[in-house]
Amino acid sequence: MTDASISTATDAAGCPYAAHPSFPFKRDRSRPLDPPAEYGDFRHQRPVSQVTLWDGSRVWLVTRHEDAHAVLGDKRFSSVPSNPGYPLISPAVAQTKRGDPSFLRMDPPKHTDHRRMWTPFFAARNIQKMRPTVQEIVDRAIDAMLAKGPPADLVGDLALVVPSSVICLLLDVPYSDHEFFQANSLTRLSITSTPEQVTEAFREIDAFWLRMIEERENSPGDDLISQLIVNEVATGRLTKRELVSMAQLMLLAGHETTANMIALGTLTLLRHPDQLEAMKADPSLTPGTVDELLRYLSIPQNGLGRAATEDVEIGGQLIRKGEGVLVLIAAANRDESVFPDPDRFDIRRAARQHMTFGAGIHLCIGNPLARMELQIVFDTLFRRMPTLHVAIPPEDVRYKFDSLFYGLYSLPVSW
């Protein structure tokens with residue numbers, strides 16, 4: 001399936017006000033930094049309404065900021081993909097989520113226990129101690145770009161290098177394996193992969209982590225995985241298989257999402273030169289710039305899935321037990337009641353209320369690390385490469401229309 005045919009079948013389904021149109025929706029290729037127009041249509045006219053998925057099942061879309069918070073903060077909505085009604089937007093996504101036993105797919109109390117094991121490592125005070133190391137990683141990547149000379153691929157030469165290096169350092173895995181991780185991540189995150197391809201990607205990364213964990217059982221180090229082996233696996237609170245799923249999640253989330261934000265964020269800033277110049281002139285604007293980029297771009301482009309375990313009313317609509325919900329983060333982040341003139345990119349906006357990291361008990365545990373990486377990358381990149389520009393026409397930029405997380409496959413740049 002090509003990304004031109006990803007369907008989204010809104011064309012066949014008719015206008016967004018037709019009964020139960022097909023989901024996911026297509027982005028407007030002429031406005032690739034904006035979510036599908038239907039997100040705003042639904043938020044304005046039918047903020048909690050049903051759509052039809054590839055297998056004929058129906059799922060509720062939640063599009064307003066307030067309602068999205070309500071769902072993500074309500075324990076009556078389950079994150080477990082095996083629960084009746086849980087929304088799976090393609091065969092590949094069905095295989096990916098059903099094959100993922102990490103705490104991302106758990107409810108309390110098990111979710112609480114597993115998340116607790118990782119929380120100390122991602123505490124803001126510990127992340128800030130990593131700032132000099134992250135700065136060195138960013139500088140080395142830019143040094144390499146400058147030494148090689150233009151043109152360069154911002155995705156391959158910087159956006160993937162930085163978060164991959166950071167998460168490999170945290171988990172103490174060889175950076176030389178990053179292409180292996182990236183290939184498996186692309187397969188698992190593509191909504192157009194076949195179930196067989198997803199299964200094979202899981203098998204390969206499982207084998208990798210089982211080998212790494214067995215090595216550390218015999219000779220533990222100071223890394224996160226070794227500490228979990230000693231403190232949790234050896235004491236019987238965590239199985240080896242559960243640690244494999246945790247390590248997979250951290251590796252995937254730790255580099256893929258931040259890499260997409262670095263590439264898309266750079267492109268967005270280059271397309272808004274007045275905003276970029278303001279940030280360069282006043283580095284105190286960088287943290288706010290990062291939050292505005294997170295809001296504006298909203299890379300979880302097809303929403304967060306939940307299944308109702310009881311009858312619940314959201315936004316005046318009764319959602320019954322056994323029905324699925326997709327919380328459209330990209331729609332909630334463009335809600336006018338929270339973000340005035342939401343389609344405008346404004347680095348001075350108070351954007352901290354964005355929902356790109358989720359909300360409730362599943363709020364992204366790595367968000368302090370992601371924010372720090374993004375702040376360092378944007379400050380350093382535009383200071384050291386002040387004439388950076390995209391080296392291809394806008395229509396030739398390759399976007400990840402077919403991925404669970406929006407981003408770029410490549411971004412040729414020069415300076």
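Select Glu-217 and Lys-240 to begin: the two form a salt bridge, with their closest N and O atoms 3.2 Å apart. The term salt bridge denotes a side-chain nitrogen of Lys or Arg within 4 Å of a carboxyl oxygen of Asp or Glu. Because Glu-217 belongs to helix 11 (residues 195-218) and Lys-240 to helix 13 (residues 240-270), the pair ties together parts that are 23 residues apart in sequence. Helices here are DSSP runs of H or I with at least four residues, numbered from the N terminus. Glu-217 is partly exposed, at a relative accessible area of 35%, and Lys-240 is also partly exposed, at 28%. Buried means under 20% relative accessible area, exposed means over 50%, and partly exposed lies in between, with a 1.4 Å probe and protein chains only.

The model on screen is predicted: local features need pLDDT of at least 70, side-chain atom pairs count only at pLDDT 80 or more, and totals for chains, interfaces and linings use all residues. Residues are numbered from 1 along each chain as its sequence is written, and side-chain values use heavy atoms, with hydrogens and water left out.

**Further salt bridges**

Side chains of opposite charge can pair when their charged atoms come close. The salt-bridge rule gives a count of 26 in this model. Next, select Glu-292 and Arg-295, a salt bridge in which the closest N and O atoms are 2.8 Å apart. Both residues lie in helix 15 (residues 286-297), 3 residues apart, or about one turn of the helix. Are Glu-292 and Arg-295 buried or exposed? Both are buried.

Salt bridges with shared partners also join Arg-31, Asp-34, Arg-334 and Asp-343 into one network. Within that group, select Arg-31 and Asp-34, whose closest N and O atoms are 2.5 Å apart in their salt bridge. Asp-34 is buried at 9% relative accessibility, whereas Arg-31 is partly exposed at 45%.

**Asp-346**

Move to Asp-346, in the loop between helix 16 and helix 17. Which residues does Asp-346 touch, not counting those up to four places away in sequence? They are Gln-275 and Glu-292; contact means heavy atoms within 4.5 Å. Asp-346 is buried, with a relative accessible area of 15%.

**Ile-361**

Select Ile-361, which lies in the loop between helix 16 (329-332) and helix 17 (367-384). At 32% relative accessibility, Ile-361 is partly exposed. Its contacts, leaving aside neighbours within four places in sequence, are Leu-72, Lys-75, Pro-108, His-111 and Arg-115. To follow one of these, display the C-alpha atoms of Ile-361 and Lys-75: they are separated by 8.7 Å, although the residues are 286 apart along the chain.

**Asp-139**

Continue to helix 7 (residues 131-148) and select Asp-139. This residue is partly exposed, with a relative accessible area of 22%. Apart from residues up to four places away in sequence, Asp-139 touches Thr-380 and Arg-384. The C-alpha atoms of Asp-139 and Leu-381 are 8.6 Å apart, while 242 residues separate the two along the chain.

**Helix 9**

Finish by selecting residues 161-171, which make up helix 9. How many of the 11 residues of helix 9 are buried? The number is 10, and the helix is mostly covered. Among the buried residues are Val-161, Pro-163, Ile-167, Cys-168 and Leu-171. Asp-172 follows helix 9 and has a positive phi, near 55°.

Technical notes:
Helix = DSSP H or I, 4+ residues; strand = E, 2+ residues; numbered from the N terminus.
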